[in-house]
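Hi,

Here's the structure I promised to pass on.

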Amino acid sequence: MGTRRVLVTGCSSGIGLAVAVRLAKDELKRFKVVATMRDLERRQALERAAGETLNRTLEIRQLDACSEDSIRECVNSLPDRRVDVLVNNAGLGMIGPLECQSISSMQELFNTNFFGLARLVKEVLPDMKRHQSGHIVVMSSVMGIQGLLFNDVYSASKFAVEGFCESLAVQAMKFNIKMTLVEPGPVTTEFERKVYQEAAEMDLSGTDEETAKIFKQIYLPYSRKVFTSLGQTPEEVAEQTFELIVAKDPPFRHQTNRLYMPMTAMKHADPTGRLPIDTFYKLVFKHDRMFSAILGMMRMMTKKMGKTGG
């Protein structure tokens, strides 16, 4: 197989930027990367990170996942409209009490996180079918497997992504097209920092006192601890995504953070759904010391795994 063209969305920062640069810097030069973003004025960080690969194995294009015209224009500008690998990464975050979030902001999140994916796949799938080859890589989340406190809408969008891909994967297989869901846990990026900063300044007057207190005094400090203990870097997620793209037979689902796997495994262990919900409830509201101790142990494990190369 010759050079494969990879279209990556959401490349102005974080995971998208890291994936685009990792593919462009492949020592075997197996990829031509089309790194896209909605706003080209935010391209500086990508240009810096791309270094000498810029305009060689990596080119930057404008693409707005919320616009069919923008997606078509970008794909039409590629030779033979050929996209061998699509990496769908563009996304928005949202946390907080449900009562404090407007329906229009929820729709905006779904417009990017779910419909953005649907628009992109709709555009590239017919050509992939014709070529009887292709790989659709979708940046999902562990929250597409297991919902988490105060992540109701974000988690719902990732559940939608997972259901969409799971349904489509069967048809794709018939045309020799691979589909892979990449499911990171906490990742320390500008995206996450911004989401949590907005949450800390959020107007909580729309909810009751107790819910506001749980959000501010329990959820936000816990989240910080989780990110400090379990957080991966965008580069770690990008390295694993790279390995999935070069793999001969990539899995349909791949969780990037092994330390997070026991949390998601609980869901499959109990068909009634009680186990994960009861466990999360107890950890958050009853056994906060135990929760801190578990995170401390996990932090030690992370350091050990880092020293032994995972």
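One cut-off before the notes: a residue counts as buried when its relative accessible area is under 20%. Keep in mind that this is a predicted model.

With that cut-off, T241 is buried, because its relative accessible area is 0%. T241 sits in helix α9. Beyond its neighbours within four places in sequence, T241 touches V19, V137, M139 and V182.

Now the cores. The largest nonpolar core comprises 30 residues, and V8, L23, V33, L46, L58 and V87 have the most contacts inside it. At least two residues of this core come from each of β1 (4-8), α1 (14-24), β2 (31-37), α2 (44-50), β3 (58-62), β4 (85-88), β5 (134-139) and α9 (234-246). The top contributor is α1, which gives eight residues.

Last, a helix pair. Helix α4 (residues 103-113) packs against helix α5 (residues 115-131) at an angle of about 30°, and their axes are 3 Å apart. Angles under 35 degrees count as roughly parallel, so α4 is roughly parallel to α5. On the α4 side the contact is made by F110, N111, T112 and N113, and on the α5 side by F115, G116, L117 and R119. By type, the residues of this contact are three nonpolar, four polar and one charged.

Cheers

How values were computed:
Residues are numbered from 1 along each chain as its sequence is written. This is a predicted model: local features need pLDDT of at least 70, side-chain atom pairs count only at pLDDT 80 or more; totals for chains, interfaces and linings use all residues. Side-chain values use heavy atoms; hydrogens and water are left out. A nonpolar core is a set of buried Ala, Val, Leu, Ile, Met, Phe, Trp, Tyr and Cys residues joined through side-chain atoms within 4.5 Å. Buried means under 20% relative accessible area, exposed over 50%, partly exposed in between (1.4 Å probe, protein chains only). Helices (H or I, at least four residues) and strands (E, at least two) are DSSP runs, numbered from the N terminus. Contact means heavy atoms within 4.5 Å. Axes are lines fitted to C-alpha atoms, for helices over the stretch in contact, and angles run from 0 to 180 degrees between N-to-C directions. Angles under 35 degrees count as roughly parallel, over 145 as roughly antiparallel, 65 to 115 as roughly perpendicular and the rest as oblique. Ala, Val, Leu, Ile, Met, Phe, Trp, Tyr, Cys and Pro count as nonpolar, Asp, Glu, Lys and Arg as charged, and the others, Gly among them, as polar.
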